[in-house]
Amino acid sequence: MTMNRPEPKQSLTESSPGRHVLWRDDSAWAQNLVATLPGDIASSLYKQYVARWEKYVTKNGQSRSANIWLRRQVEMLTSVIAQFPVHISKLRDEVKRTQLAKDLAGQCHNVIASGAETGKTMQETYREVMDIPKRWRFSVAVPMQTIAAVEGESLHEYEDRVKEILIAGQFVRLITEEWWANKLDIAYRRFCEYCRIIAGKVRKGVSAYLSRIGLREYKERKLASRRALAQMIAKNELTGEEIALIEAVDASVSNPEIRRHELMVRMRGFEDIAEEHGLMGGFFTVTAPSKYHAFIKDKQGKTHSNRKYQGACPRKTNRYLGYVWSKARAKLNRMGIQIIGFRVVEPHHDGTPHWHMLFFFKPEHEQLIRFVFANYFTQEDREELRVSDFDMGYWASSFEEDGSFAPMADLNLIEQTAKRISPRFDYQPIDPEKGSATGYIAKYISKNIDGFKVDEDDEAETAANITAEAVTGWASTWGIRQFQQIGGPPVSVWRELRRMEQDEETKTGIAAAKVAGEKYQRPVKSFLELKAEKPQIEVARIAADSGSWSMFIQAMGGLFCLRRNQPLRLVYKPQENQYGEAVKKLKGITNQRDLTLISRADGWVIAKKGSATTKSGDSRAPWSSVNNCTQSDPVPQKGTLEDAVSRIVDISALGDVVPAGIEGRTFDVLLSGGNVAVGDGRSIKLRGGELDENGNRRPMRLIEFEHEPVDLNWLDFKGWPEDMETGELAEICTTYEQPQLSPIPELVWDDDGYPII
């Protein structure tokens, strides 16, 4: 601790000899306890501990509650820090993380090279090298690939070759510094935000959903991305067409307004077709048990530190909800009960996720669906809801074989049970007389995107357009998917159909309306009329182009058509990415019989504005409809590069245990601008060709470089930023209080606020 560490009021510690001794002993104990933590975290916790010690000693003359609080906080933080296999100081800034990424890539390279030199099999080397990312709890995922069978190859040989190719893809990632740097950046960002949750910096009254620092960093990342996009163009080398990349992004679902419109269109389409089929709607809200919540609110809206909290981060809590959901949905599938709708994930004020789900189903299945969800989502820690297994067992025994309640069932007892579990699970049937189903979920869609038409966020008690950015930042920080469609056709097919060129009749009508200065109105035809006149794929295209999700569902086989039976599917073509893998790139749509429509043209590349040379999309993995890659300098052929590489590191020493092509993958990393670690703190890279004295560009060359040692000594802590020290002291809640679920909105939404796109 620093010499100017906080102290309680002197009038309190010197009020009696006993209190002087109490503070002397407690302060020494507290300083020793937090000494194992990083300096900035230790200082923040110690400052809060002093405030709590002063409060409780003034109140009842005892420091026990403050000591218990500090012990719990340190235990939770210590358990998280212990998950990192290196000292947390090595992750404190970008320079240190970059150095660590280089070291880890070098370690992986050494293990792979050593395995080849000692004659280990590829599987043995794989198991050994995977211990390195496992220590960090990092998964080494590889994308879906197109791996064709070789003529004369048996099934067993093909499967072995596929395994080797996938392992090779993991190998090349593990020896790439950029892969490690990205993983470390995400891990450290989440660790910092987790510490702020524990320290009470994420809650109502301080900073709801996301800490102030976390929100600031999220805004900075967004701004940096926008600036980078503004400097890029998408150009088709075949046609010469050129557009600003930022315009392409703003015209996609990355635009919050377009994303919100599309979600509302799809939700309204579900509602329309559900009404046609006589289905009813139900609104479900679920959250996790109390032990997953760091802070809770009392009936007066005041936040309290939750003594039951066991240190779960938002990502872990969302995985728990997903696990329970998978069991509940599997149960419904076994019972033959089908549902369609949407799921929305949003945070409580302290960052703990909860789910809102709007589903449509047959009226006779309503009570069974309600019970299945209630049973599964309250299985864990059910006793804290004052509900026993007997109560849920009685509820389960009250159903007839057809799903209806038995005549002798005590419905009052069942409703009492439902009321007691309402803090964890709540259900409201949709009443069309009070508002549309789309209107019920519109608030949650809007406040989790941009806050459109939502005056105040009830959870944070702040303007929704302000908190919306904190919510999206929360989802980005923790890698949580906010919206998910349940059932129905895939939206990817819908989006590709909307990219298709319009038919001649529509184009002529649009041109005529434009000349007349009017808005084009498409002739309204029913699904049956279109089906009788046009091919199925054209009916689906018209439905998508006109923004009719309900008609699109019909064109795709109907409301509950299984994915494998749907008539239209996406078409992909193999394309090599930066790791040399033949990944799938979206090309168009097929009816799986005699017609394939191409929606993605070849030849698109990404380049900086004013760049004379671009790199073809055929060698990099796409991240959008165009290809994300640049190259401003000519590069040597692989044959020349192999010779240069071999003078620095003997890649050929990897031997026959590495499948053919692994060298090519290493070269592709270099060709795409990456660094490749070769061990002992050394790396190789391609250096761009500079202009000589005559203005001619020198060829690119391979260089070897060593990493500069980085000072890993801790910086002296000078206090948290000002915005980290704000907020009132949170009390510890000593009685159970399950976080209250967000209320069902009473607002009836005007559908005109969400135009068809």
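Tutor: One term before we start: buried means under 20% relative accessible area, exposed over 50%, and partly exposed in between, with a 1.4 Å probe and protein chains only. This is a predicted model, so local features need pLDDT of at least 70 and side-chain atom pairs count only at pLDDT 80 or more, while totals for chains, interfaces and linings use all residues. Residues are numbered from 1 along each chain as its sequence is written, and side-chain values use heavy atoms, leaving out hydrogens and water.
Student: OK. Is Cys195 buried or exposed?
Tutor: Cys195 is buried, with a relative accessible area of 7%. Cys192 is buried too, at 16%.
Student: New topic: which strand runs antiparallel to β1?
Tutor: That's β15, joined to β1 (residues 232-236) by five bridges. Strands are DSSP E runs of at least two residues, helices are H or I runs of at least four, and both are numbered from the N terminus. Two strands pair if DSSP finds at least two bridges between them.
Student: What does Asn236 pair with in β15?
Tutor: Its bridge partner is Trp604.
Student: And why is β15 largely enclosed?
Tutor: Because four of its five residues (604-608) are buried.
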